[in-house]
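I am opening a notebook on this model. The entries below record what I looked up, in the order I looked.

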Amino acid sequence: MMTVLTSRQILDRLIGFPTVSRDSNLDLVDWLEDYLSGHGVRCGRHWNEDRRKAALIAHAGPWTGGAVVLSGHSDVVPVDGQAWTSDPWTLTERDGRLYGRGTCDMKGFVALAVWAVVEAQRRGVARPVQLALSHDEEVGCTGALPMIQTLRRTFPAGKIALIGEPSRMKVITGHKGGAGFLVHVKGYEVHSSLLPEGVSAIMEGARLIGWLNDRNAAIQAAPRLPVGARFHPPFTTLHVGRIEGGTAHNITAAECRFAVEIRCVPDDDLEGHARAFRDEALRLDAALKARRPAEGVDLERFFDVPALRPEGDGAAEALACALTGENGTGVVAYGTEAGQFQDAGYSAVVCGPGDIAQAHQADEYLEIAEFQAGQRFMERLLERLG
Ligand SMILES: [Zn+2]
């Protein structure tokens with residue numbers, strides 16, 4: 001029989017796998033699957049396209065519907081260029097804190113969830129619990145949707161999804177949604193003294209960026225939406241965070257590339273904004289192609305994170321409030337995989353140990369008190385599962 005590990009021992013192992021999003025997560029998944037199946041927990045995988053990564057799903061308890069799904073991501077952000085006091089890939093305790101990359105975001109919660117799933121299996125709970133561990137969360141939540149589909153195909157359908165992103169164990173019922181476009185404007189190079197004969201991809205791209213600025217101004221001048229008003233800032237925003245193009249001040253740029261991000265409050269129309277931007281890009285594309293067929297605008301939608309809509313008396317909210325003893329709920333500014341679970345038919349909230357302020361930082365840490373609060377949360381969950 002395989003040894004039963006404490007949540008702290010599990011965290012120790014998880015931090016030792018450097019599962020940066022750009023790299024494979026298979027060492028972690030292999031270890032975890034061995035550990036879970038060694039305790040009789042049924043496991044499954046959803047492989048990504050090149051099979052360098054897999055999402056891990058697991059089911060403990062009776063083979064019936066209505067499971068509580070504990071959801072986390074296996075990937076972490078890089079440590080490149082960050083000054084760490086101790087090795088980021090070794091769990092290190094100092095001053096009441098657990099240091100290591102991913103302790104807060106979000107291997108602390110994953111360790112607690114793994115502990116709870118094994119414990120549920122050992123105790124023979126009356127109601128099932130499932131684990132859903134994704135990859136590529138940190139690069140746009142692209143791993144969650146296929147994982148959720150596989151989860152629903154493989155195991156009896158769950159009902160409630162608890163997404164353990166750091167919330168200081170507060171019950172979070174809403175977050176903004178997002179979508180991203182990579183924009184590639186193709187122009188025509190001439191010496192800038194002959195400007196009218198060339199096409200500057202930068203100056204043409206600036207028209208689209210100007211459109212985004214105008215859209216922001218219009219949104220901010222419009223009346224606030226009721227759910228959106230709970231957020232800070234209380235409206236949808238459109239943003240360009242990166243731009244490149246051009247070779248010299250006196251050559252019209254052949255290329256301009258930039259990334260557009262739309263962050264949308266749950267009761268605003270994300271697809272409406274996305275469509276309006278695409279239409280604007282298509283208008284510019286047609287205008288450029290009318291001059292030279294090789295010019296134009298290419299768009300690629302590179303991420304989609306659906307918003308989490310406050311359910312109002314949802315089953316996930318009721319459960320998480322009962323487990324934490326909280327009676328208030330809140331919304332957060334960051335995106336998670338909770339909206340994808342909600343779109344798939346689950347009642348979903350975010351609730352996990354640690355403070356989002358520590359995520360992605362050098363010397364990322366999780367307070368031991370937070371980890372212990374998470375442990376109590378899991379123990380109460382097990383009591384409820386019967
Ligand atoms: Zn996270």
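**Entry 1**

I started with aspartate 313, which lies in the loop between strand 12 (296-305) and helix 7 (315-324); helices (H or I, at least four residues) and strands (E, at least two) are DSSP runs, numbered from the N terminus. Its phi is near 65°, a positive value in a residue other than glycine. I note aspartate 313 as exposed because its relative accessibility is 77%; buried means under 20% relative accessible area, exposed over 50%, and partly exposed in between, with a 1.4 Å probe and protein chains only.

Before going on, I record the conditions: this is a predicted model, in which local features need pLDDT of at least 70 and side-chain atom pairs count only at pLDDT 80 or more, while totals for chains, interfaces and linings use all residues. Residues are numbered from 1 along each chain as its sequence is written, and side-chain values use heavy atoms, with hydrogens and water left out.

Arginine 168 also has a positive phi, near 55°, and is not a glycine. I found arginine 168 in the loop between strand 7 (158-163) and strand 8 (171-175). With a relative accessible area of 32%, arginine 168 is partly exposed.

I then looked up cis peptide bonds. One joins aspartate 105 and methionine 106, with omega about -10°; methionine 106 sits in helix 3. The bond from histidine 232 to proline 233 is cis as well, with omega near -5°. Proline 233 belongs to the loop between helix 5 (201-221) and strand 10 (237-245).

**Entry 2: the zinc ion**

Which protein atoms are donors of the zinc ion? I list His73 (NE2), Asp105 (OD), Glu165 (OE) and Glu165 (OE), at 1.9 to 2.5 Å from the ion. Donors here are N, O and S atoms within 2.8 Å of the metal (3.2 Å for Na, K and Ca); water is not among the atoms, so sites may look incomplete.

The spacing of the donor residues in sequence is H-x31-D-x59-E. Histidine 73 in strand 3 (residues 67-73) and aspartate 105 in helix 3 are 32 residues apart, a pair that links distant parts of the chain. I note both histidine 73 and aspartate 105 as buried.

Why is the arrangement of the four donor atoms irregular? They subtend angles of 54 to 139° around the zinc ion, which makes it so. The criterion is that four donors count as tetrahedral if all angles lie between 85 and 135 degrees; four count as square planar and six as octahedral if opposite donors are over 155 degrees apart and all others between 65 and 115; anything else is irregular.

**Entry 3: helix 2**

I checked the length of helix 2 (residues 26-38): at 1.5 Å a residue, its 13 residues should span 18 Å, and the end C-alpha atoms are 18 Å apart, which agrees. The expected span is 1.5 Å times one less than the number of residues. Just after helix 2, glycine 40 takes a positive phi of about 85°.

Buried residues in helix 2 are Leu26, Leu28, Val29, Trp31, Leu32, Tyr35 and Leu36. Their cover includes helix 1 (7-15), strand 1 (42-47), strand 2 (54-60), helix 3 (103-123) and strand 6 (129-134).

I searched the whole structure for aromatic pairs and found eight. Tryptophan 31 and tyrosine 35 form a stacked one, 5.6 Å centre to centre and 5° between the planes. Rings of Phe, Tyr and Trp (its six-membered ring) pair if their centres lie within 6.5 Å; planes under 30 degrees apart count as stacked, over 60 as edge-to-face and the rest as tilted. Tryptophan 31 and tyrosine 35 are about one helical turn apart because four residues separate them in helix 2. Phe17, Trp31 and Tyr35 form one aromatic cluster.

**Entry 4: the nonpolar core**

In the largest nonpolar core, of 57 residues, Ile10, Leu32, Leu36, Leu70, Leu162 and Met378 touch the most other members. Helix 3 gives the most to this core, with 12 residues. Such a core is a set of buried Ala, Val, Leu, Ile, Met, Phe, Trp, Tyr and Cys residues joined through side-chain atoms within 4.5 Å.

Methods. Contact = heavy atoms within 4.5 Å.
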